[in-house]
Amino acid sequence: MRTPLVVANWKMNGTLAGARGLTAGVLDGLRRPRGVEVVLCPPFTALHVVGELLSGSPIALGAQNCHWESAGAFTGEISPAMLVELGCRYVVLGHSERRKEFGESDEHINRKMHAVLAAGMTPILCVGETAEERRQGLTFATVEGQLRAGLAGLRNAAIGACILAYEPVWAIGTGVNATPAQAAEVHAYLRGRLAEVASKEVAQRVRVLYGGSVKPDNAGALTAEPDIDGALVGGASLNAQGFVTIVKKATHKGVTVLRGDS
Ligand code: PGA
């Protein structure tokens, strides 16, 4: 059984004061999560303060990106080792905003995957098609290409340590989420390809999150799909109460885990 995972991607938002307040709100709403894992990914500038607040709590710290080298002349970049020092356990890689706005190629992302795993952290590899690709019937080809390129050269054990996120580009920040059926179809496809790239066992172990306009009112239906193992939440993660509700909805049913859960 795969434990659901809910990841907050704050993107480039928030002051330090805002990050402290948001973290405190999430901690307050999720005192003793059981049957679900939670990760907060603040901007680099807030990793230290958020990490201090999360320390000793069951909620983990993650970053939104990193470089593949461990040190050197890479102005403006942050290395995996630097993130480990701050207590990060997860790194989002290959987000469509990084691919589109910052020209990240599948090859860059693959290097980052290797570097993050070598540093002992868990990469969250994002894949997803644009509206145009979906219209042309290229959804499966697109996500499969991104998946295979992102995982290239990794051994089965390393692939088993990764997390995948299916994030249709047309659903990110638009308010238009994929329907549970649309998402479930792609998740099942990705799991099938994972079985080919690695093995059936690995494919059963890897969590595949859905991301793209996840909100308190759609999180339950999306994560109820057997192949959807949680959510990567952007905009809605900037509101502590809303995010806490999403986590509750993604939690394994039958497990009373959260303060105030009834
Ligand atoms: P959104 O973003 O929830 O604001 O659509 C999701 C993401 O980009 O990870």
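**Exercise 1.** State which residues of α9 are buried.

*Solution.* Helices are DSSP runs (H or I, at least four residues), numbered from the N terminus. Buried means under 20% relative accessible area with a 1.4 Å probe, protein chains only. By this criterion A183, A184, V186, H187, Y189, L190, R191, R193 and L194 are buried in α9. The model is a predicted one, in which local features need pLDDT of at least 70, side-chain atom pairs count only at pLDDT 80 or more, and totals for chains, interfaces and linings use all residues. Residues are numbered from 1 along each chain as its sequence is written, and side-chain values use heavy atoms, without hydrogens and water.

**Exercise 2.** Describe the largest pocket by volume and lining.

*Solution.* A pocket is an open set of points on a 1 Å grid over the protein atoms alone, where a 1.4 Å probe fits, with protein on both sides within 12 Å along at least five of seven lines; lining residues have an atom within 4 Å of a point. The volume, the space filled by probe spheres set on the points, is about 590 Å³. Of the 23 lining residues, F44, Q64, N65, R98 and F102 lie nearest the centre. Both α4 (96-101) and α5 (106-118) supply at least two lining residues each.

Note on methods
Buried means under 20% relative accessible area, exposed over 50%, partly exposed in between (1.4 Å probe, protein chains only).
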